[in-house]
Amino acid sequence: MENKYIQETEQAVLHTYNKAPIVLEWGDGAYVYDTDGKQYLDFAAGIAVSSLGHGCQELNEAVKEQIDKLYHTSNLYYNETCGKAASGLAKAAGMDKVFFCNSGTEAIEGCLKTARKYAYTKGTGRWQFIAMKNSFHGRSMGALSVTGREPYRIPFEPLVPGVSFAEFNNLESVRQLITAETCAVILEPLQGEGGIHAAAPEFLQGLRKLCDEHDILLIFDEIQCGMGRTGSMFLWQQYGVKPDIMAMAKAIGSGLPVGAFAVTGRVASESLTPGDHGTTYGGNPLVCAAVSKTLEIFEKEDLTAHVKEVGAYLTAGLDAVADEFDCVLERRGMGMIQGLALSIAPGEVITKAMKEGLLVISAGNNVLRMVPPLIITREQVDEMLVKLKKALS
Ligand SMILES: *Cc1c(COP(=O)(O)O)cnc(C)c1O
């Protein structure tokens, strides 16, 4: 498997990822191809990013057109493409104002700062956060501080003080952690990296009520579960529980590097003001062209309806796999974010699947994760199931 591209990369790149021994070269729809011409059905989508699939011509044309016009201005000036992306994303998110940045991690930093600034403006000076065990919010010092998985955190301590961790889906454990200094609760409505765990509706409803009673802000991290993946544009819309602040990234630019956070009008009017926050590249015309076009395609093709339909088919197919194979303990997830909890090491299944021409990834300690492009067809679900069964045998 050793080839010159792999050797060159290993020599030059800091070893922070254990890469799969394949060299990917190009993609088309739900498929990617390596340098030997081998085809892979892509149920990883660059970790829930490439929702429109690879080589989406309409998206590529929009990006190319913008490259020739203007691709960086900084946030000191207005730009038509950026304005359009902001209003489109705010509308899709059901929120009032957005701030564009460059990644999910950076979106989380913005969420935390906004919550602190809200407390500062209100004169409460509250500064503590309640986060969830088993959560994932990113790798910067702030995002890591609210990430509830110790192996990620411990080597980098001390982190931001004032963060406590509650049990996900246990309202009482959140209640017990509330202090007079609690400024916000942050969670993923569906934990992705932690192993595909969806929130119970009562948990989110209870959290909303609890936060309102104590004037605590509710922050949702929809970086992985948002942008159509579960069958609604954002997951809060399915639960009917609206956050005050929401982080987005991964799929919003269909693969161009863009993150964002959104807030309600109430939070906007009492938090960040000029000088409080910024980012040089954030929401540049190039990535905003991708955001706008992505939103346009979602609407035109009614992608959320497609996710509901094909996602139900995928769910049924994976439920059958869970019934058939003893090594599959449980299927979890919704729409096109699915996990199979295994009694065997996911790594072995991932390697075997790759040989069969299927890309899947892991989550948590023992979960096989599937986050395909949202455009996959029933036929591609069938194809995946055949390959997956071989990999599990
Ligand atoms: C991926 C992810 C992040 C971090 O996003 P980056 O773009 O990698 O910085 C944060 N939260 C969740 C839920 C994620 O899935």
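In which helix is confidence lowest, and in which strand is it highest? In this predicted model, helix 1 (residues 4-12) has the lowest confidence, at a mean of 91, and strand 10 (residues 217-221) the highest, at 99, where pLDDT is the predictor's confidence in each residue, from 0 to 100, and helices (H or I, at least four residues) and strands (E, at least two) are DSSP runs numbered from the N terminus. For the protein, the mean pLDDT is 97, and 99% of residues reach 70 or more.

Two notes on conventions. Residues are numbered from 1 along each chain as its sequence is written. Local features need pLDDT of at least 70, side-chain atom pairs count only at pLDDT 80 or more, totals for chains, interfaces and linings use all residues, and side-chain values use heavy atoms, with hydrogens and water left out.

Taking polar contacts as pairs of N or O atoms within 3.5 Å, the side chain of aspartate 221 places an N or O atom 2.7 Å from a ligand nitrogen, the side chain of glutamine 224 has one 2.7 Å from a ligand oxygen, and a polar side-chain atom of lysine 250 is 2.6 Å from an oxygen of the ligand.

Lastly, the backbone. Glutamate 157 and proline 158 are joined by a cis peptide bond with omega of about 5°, and proline 158 belongs to the loop between helix 7 (150-153) and strand 6 (163-166). Serine 74, in the loop between helix 3 (57-69) and helix 4 (80-93), has a positive phi near 70°.

Methods
Polar contact = N/O pair within 3.5 Å; in protein donor to acceptor, adjacent residues only side chain to side chain.
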